[in-house]
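User: I would like to learn how to read a structure, one feature at a time. Can we work through an example together?

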Amino acid sequence: QVQLVESGGGLVQAGGSLRLSCAASGTIFTINVMDWYRQAPGNQRELVATIASDGSTNYADSVKSRFTISRDNAKNTVYLEMNSLKPDDTAVYYCHAILRRASYGPDFSYWGQGTQVTVSS
């Protein structure tokens with residue numbers, strides 16, 4: 001099986017920074033895409049940032065220039081550096097990966113358990 005384990009959430013004041021990490025473990029041949037999503041109370045889960053296996057990235061407009069996604073392929077780990085945090089960034093942040101468990105196998109989608117980020121005003 002495959003597990004995604006997030007860490008790095010917490011409470012921070014507006015204007016502060018946090019760094020989230022998500023490590024994938026288990027039977028993994030290759031990870032195609034790694035994402036960060038977030039869900040605030042009463043809202044739908046939304047895509048925050050995506051990084052492909054070639055390092056190309058995409059961001060939600062609301063976090064561009066403030067958040068940076070990166071990955072360490074050797075460690076099967078994705079990071080989200082969050083700067084200039086705002087109260088509107090408060091949410092549970094989820095790691096997501098699309099990966100292949102064998103060279104000729106299908107792609108699978110996995111989610112982490114989520115980590116709370118709270119930004120106080």
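**Strand pairing**

Analyst: Strand 9 (residues 91-100) and strand 11 run antiparallel and pair over three bridges. Two strands pair if DSSP finds at least two bridges between them. Strands are DSSP runs of E with at least two residues, numbered from the N terminus. This is a predicted model: local features need pLDDT of at least 70, side-chain atom pairs count only at pLDDT 80 or more, and totals for chains, interfaces and linings use all residues. Residues are numbered from 1 along each chain as its sequence is written, and side-chain values use heavy atoms, with hydrogens and water left out.

User: Which residue of strand 11 is the bridge partner of Val92?

Analyst: Gln116 is the partner of Val92. Strand 11 also pairs with strand 2 (residues 10-13), in the parallel sense, over four bridges. There, Leu11 has Thr118 as its bridge partner.

User: How do I read the side chains along a strand?

Analyst: In a regular strand, side chains alternate between the two faces of the sheet. Take strand 11, residues 115-120. Thr115, Val117 and Val119 point to one face and are buried. Buried means under 20% relative accessible area, exposed over 50%, and partly exposed in between (1.4 Å probe, protein chains only).

User: How do I describe two aromatic rings?

Analyst: Use the distance of the centres and the angle of the planes. Rings of Phe, Tyr and Trp (its six-membered ring) pair if their centres lie within 6.5 Å; planes under 30 degrees apart are stacked, over 60 edge-to-face, and the rest tilted. The whole structure has two aromatic pairs. One of them is Phe108 with Tyr110, a tilted pair at 6.4 Å centre to centre and 45° between the planes.

User: Is Tyr110 buried or exposed?

Analyst: Tyr110 is buried, because its relative accessible area is 12%. Phe108 has 35% relative accessibility, so Phe108 counts as partly exposed.

User: What about a charged residue, such as Arg71 in strand 7 (residues 67-72)?

Analyst: Look for a salt bridge: a side-chain nitrogen of Lys or Arg within 4 Å of a carboxyl oxygen of Asp or Glu. Arg71 is buried but has none. Asp54, the nearest side chain of opposite charge, is 7.1 Å away. Lys and Arg count as positive, Asp and Glu as negative; His and the chain ends are not counted.

User: Which backbone oxygen does the Arg71 side chain reach at 3.4 Å?

Analyst: That of Asn32.

Key
Polar contact = N/O pair within 3.5 Å; in protein donor to acceptor, adjacent residues only side chain to side chain.
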